[in-house]
Amino acid sequence: SALHETLKTLPFLNEPAGLPAALAQLMRAEAPSGGAALRGAIGGLIAQIAGELGLAQGWLGEIGSTGNLAIAVGASKPAADLIIFAHMDRPSFKVRDAALGELYPVCANRFPEGGDHARMKAMRYEDGRLIVGARGQLVSQREGGHDTLTFTADRGELQWYDILTLDAEPKVADGVIRGTGLDNCLGVVAALGAAAALQRHEAALKALDRRLLVIFTDHEEGNPEVFFGHGAARTAYALPPPALGVIVSDAQGANRDSPPAMGAGASHGSVSAWGRGSFVPPQYLRLAIDRAG
């Protein structure tokens, strides 16, 4: 089809200076949960990349007070036919004691048992923009169900009101990229690529009266024992429901013996975080099963 041909020829997807460069840029950006759309954070970079892809005319900016950013492609009408969600925030940490450098996660603690360490940056909002106020080293200790996280600054000084994320320079070798932020910079570039490809066929979408919204959500990351996915949940109250449904573009680990699995198509689920996140009512779950079949 014409869309498949577009995917083969779209420079963003096929040139070394396209998707890999954009992915590395996004991985370097500041993306604290709850502040990803602020000036100086990753949202501005997403807007810049969208403009370079010819999507500036469809850029909607923030949707109400959701903290989310969006691109529209196709027909101009109140309700979208399809929404693609891609969260732009990353697992984040808050300060328990600034003098001692003690932190606590406002996300899933995925550090292994025993000791581990990683580079980290501390961000704050000053003079109308998000800035990095300190960089340094995080040390994690997990033993016997007791977790400690300690930050030591080697540049700047930690403040009690800072929010922190991991901070690793992306490395690309032999077509493989490594570094923190793949969740969910991978989802963001996939969504941008989809929007760029479909924008090439915008006349056909308008003729069919079809509207796509790509929404970059904030505050997706959270402590899964308590909350997460707030950005997408807020959108449900800010926009009419889409006619066809929603696709979530999110980086996930692939498992050999359980889903999600590489090459097996879309992943379907009825709950997130065993019910602590979202919960799909039976009629919509039946619809997903029927469509998947």
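This is a predicted model: local features need pLDDT of at least 70, side-chain atom pairs count only at pLDDT 80 or more; totals for chains, interfaces and linings use all residues.
Residues are numbered from 1 along each chain as its sequence is written, and side-chain values use heavy atoms, with hydrogens and water left out. Local features need pLDDT of at least 70 and side-chain atom pairs count only at pLDDT 80 or more, while totals for chains, interfaces and linings use all residues.

The second largest pocket holds about 230 Å³ of space. A pocket is an open set of points on a 1 Å grid over the protein atoms alone, where a 1.4 Å probe fits, with protein on both sides within 12 Å along at least five of seven lines; lining residues have an atom within 4 Å of a point. The volume is the space filled by probe spheres set on the points. Thirteen residues line this pocket, and Gln 57, Gly 58, Ala 72, Gly 74 and Glu 202 lie nearest its centre. Strand 2 (69-74) and helix 6 (202-207) are the elements that give two or more residues to the lining; strand 2 provides the largest share, 3 residues. Helices (H or I, at least four residues) and strands (E, at least two) are DSSP runs, numbered from the N terminus.

Attention now turns to Asp 154, which is found in strand 8 (residues 146-156). Asp 154 counts as partly exposed because its relative accessibility is 48%, between the limits for buried (under 20%) and exposed (over 50%), with a 1.4 Å probe and protein chains only. Leaving aside neighbours within four places in sequence, Asp 154 is in contact (heavy atoms within 4.5 Å) with Arg 119, Arg 135 and Gly 136. The C-alpha atoms of Asp 154 and Gly 136 are separated by 4.9 Å, although these residues are 18 apart along the chain.
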